[in-house]
Amino acid sequence: MEKKKCPQCKNLILKTSPTCLYCGRPNKFITKEYVHKKWIKDNKKNVFDYIFINKYLAFILFLTFTIVIIIFS
């Protein structure tokens, strides 16, 4: 990882870190474009489909388990 000196405290910090670990100075100034780009990158997955599929699989397993208990009892 590449490091650079913090302009405020002169300690080495990673270029990818959002703030300096020592003094707390922002490494990247937060702008509207920066926030929008990060938000779009993190939310490319459709969370609703992921939750729906998990609930659907849980329902099928529960239904199968119930039918097996009814048949064998």
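Buried means under 20% relative accessible area, exposed means over 50%, and partly exposed lies in between, with a 1.4 Å probe and protein chains only. This is a predicted model, in which local features need pLDDT of at least 70, side-chain atom pairs count only at pLDDT 80 or more, and totals for chains, interfaces and linings use all residues. Residues are numbered from 1 along each chain as its sequence is written, and side-chain values use heavy atoms, with hydrogens and water left out.

**The whole chain**

Start with a cartoon view of the protein. There are 2 helices and 2 strands, and along the sequence they follow the pattern β-β-α-α. Helices (H or I, at least four residues) and strands (E, at least two) are DSSP runs, numbered from the N terminus.

Of the 73 residues in the protein, 8% are buried.

**K15 and E2**

Now select K15 and E2 and show their side chains. They form a salt bridge, with the closest N and O atoms 3.2 Å apart. A salt bridge is a side-chain nitrogen of Lys or Arg within 4 Å of a carboxyl oxygen of Asp or Glu. The structure holds 1 salt bridge. K15 lies in the loop between β2 (12–14) and α1 (32–42) and E2 in the segment before β1 (3–5), so the pair ties together parts that are 13 residues apart in sequence. K15 is partly exposed at 41% relative accessibility, while E2 is exposed at 55%.

**C6**

Move to C6, in the loop between β1 and β2. C6 is buried, with a relative accessible area of 1%. Beyond its neighbours within four places in sequence, C6 is in contact (heavy atoms within 4.5 Å) with N11, I13, C20, C23 and R25. For a distance to draw, take the C-alpha atoms of C6 and G24: they are separated by 9.8 Å, and the two residues are 18 apart along the chain.

**The cysteine sulfurs**

How many disulfides does a search of the whole structure find? It finds 0, where a disulfide is a pair of cysteine sulfur atoms within 2.5 Å. The closest cysteine sulfur to that of C6 is in C23, 3.7 Å away, which is too far for a bond. C9 is in no disulfide, and its nearest cysteine sulfur, that of C20, is 3.6 Å away. At 26% relative accessibility, C9 is partly exposed.
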